Amino acid sequence: MAGVDLAFSCRCGTLKGVLHSVSPTTGSHVKCYCCDCQAAAHHLGAAEVLDEHGGTEIYQTIPAEIELTEGAEKLACMRLSPKGLMRWYASCCNSPLFNTLASAKLAFVGVHVRACEKNAEAFGPLVAVVNTGGAIDPPENLKDFGMRRAIWGFVRRNLGAKLRGRTENFFFDANRNPIVTPYVLTLEERRAATPK
Ligand SMILES: [Zn+2]
Ligand SMILES: [Zn+2]
């Protein structure tokens, strides 16, 4: 299996695990500047996952590559709206950890790079920077790129996971419901957390 194994952890160290097969070819290293990612971080009191312009660094891979080793019972989920991305975090210390889609059938997870052991070589350079319109005080050279490449990466990994029977997805139960009921922010909470 290509790539390396990297440890990840919530801020307080209660929830821990291993991200398997990390490499620039097995996953996609991306950065998102959208207001929702920033709002999610602010709502959790975890602004340190954002860079100075509000960007969130994510490594996109398949759920089968994630192994929770400790504190799995602390895994919680929030959504900024009833149909928003599922944003998984550790409830012990409100650390953002993973983003998934709402469907258990799609092998997709975005892992917060800031929660992982540092290893620039394993993640590789950013292949996509998206939603720079949401960036705070963006430098002139900050521009979107690589969206198509990131989408293609997802399509390829999703197909590969199906072909190789690696579709296990611990975020969902046998009935394809999320293992914990996501908390949906109220409009007021969302507004309060959204920058600008
Ligand atoms: Zn914690
Ligand atoms: Zn975003």
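## Strand β3

Ser28, Val30 and Cys32 point one way from β3, while His29 and Lys31 point the other way. All of these residues are buried. The model described here is predicted. In a regular strand the side chains alternate between the two faces of the sheet.

Strand β3 covers residues 28-32. Five of its five residues are buried, so the strand is largely enclosed by the rest of the structure.

## Neighbours of β3

Which strands pair with β3? One is β4, residues 56-61, which pairs with β3 in the antiparallel sense over five bridges. There, His29 has Tyr59 of β4 as its bridge partner. Another is β10, residues 128-130, which pairs with β3 in the parallel sense over three bridges. Strands of a sheet pair through backbone hydrogen bonds, either parallel or antiparallel.

## The whole sheet

Now step back to the sheet. Eight strands form an open sheet in the order β10-β3-β4-β9-β8-β7-β6-β11. The pairing is mixed. Strands β10 and β11 (183-184) stand at the edges. Each has a single partner strand, so one side of each is left without a neighbour in the sheet.

Further along the order, β8 and β9 (residues 109-112) pair in the antiparallel sense over two bridges. Asn99 has Gly110 of β9 as its bridge partner. Helix α1, residues 35-43, packs on the sheet. This helix touches β3, β4, β6 (75-79) and β7. Its direction makes about 30° with that of β7.

## Zinc ion, ligand 1

Which residues coordinate the zinc ion (ligand 1)? They are Cys10, Cys12, Cys92 and Cys93, each through its SG atom, at 2.3 to 2.4 Å. The four donor atoms subtend angles of 105 to 121° around the zinc ion (ligand 1), which makes the arrangement tetrahedral.

In sequence, the spacing of these donor residues is C-x1-C-x79-C-C. Cys10 lies in the loop between β1 (4-9) and β2 (16-22). Cys93 lies in the loop between β7 (86-90) and β8 (95-100). The pair therefore ties together parts that are 83 residues apart in sequence. Cys10 and Cys93 are both buried.

## Zinc ion, ligand 2

The zinc ion (ligand 2) has Cys32, Cys34 and Cys37 as its protein donors. Their SG atoms lie 2.2 Å from this ion. The donor residues are spaced C-x1-C-x2-C in sequence.

Why do Cys32 and Cys34 count as buried? Buried means under 20% relative accessible area. Cys32 has a value of 12%, and Cys34 has 17%.

## Salt bridges

How many salt bridges does the structure hold? There are four. One of them joins Glu48 and Arg11, with the closest N and O atoms 2.9 Å apart. Glu48 is in the loop between α1 and β4, and Arg11 is in the loop between β1 and β2, 37 residues apart. Glu48 is partly exposed, at 42% relative accessibility. Arg11 is partly exposed too, at 40%.

Asp51 forms a salt bridge with Lys31, the closest N and O atoms being 2.8 Å apart. This pair links the loop between α1 and β4 with strand β3, across 20 residues. Both Asp51 and Lys31 are buried. Arg166 and Glu65 also meet in a salt bridge, at 3.0 Å from N to O. Arg166 lies in the loop between α3 (147-163) and β11, and Glu65 in the loop between β4 and β5 (66-70), so the pair ties together parts that are 101 residues apart in sequence. Arg166 and Glu65 are both buried.

Technical notes. Residues numbered from 1 in each chain as written. Chains lettered and ligands numbered in written order. Predicted model: local features only at pLDDT ≥ 70, side-chain atom pairs only at ≥ 80, totals over all residues. Heavy atoms only, no water. Donors = N, O, S within 2.8 Å, 3.2 Å for Na, K, Ca; no water. Buried < 20%, exposed > 50% of the residue type's maximum accessible area, 1.4 Å probe, protein only. Tetrahedral: all angles 85-135°; square planar, octahedral: opposite > 155°, others 65-115°. Helix = DSSP H or I, 4+ residues; strand = E, 2+ residues; numbered from the N terminus. Pairing = 2+ DSSP bridges. Contact = heavy atoms within 4.5 Å. Axes fitted to C-alpha atoms, helices over the stretch in contact; angles between N-to-C directions. Salt bridge = Lys/Arg side-chain N within 4 Å of Asp/Glu carboxyl O.
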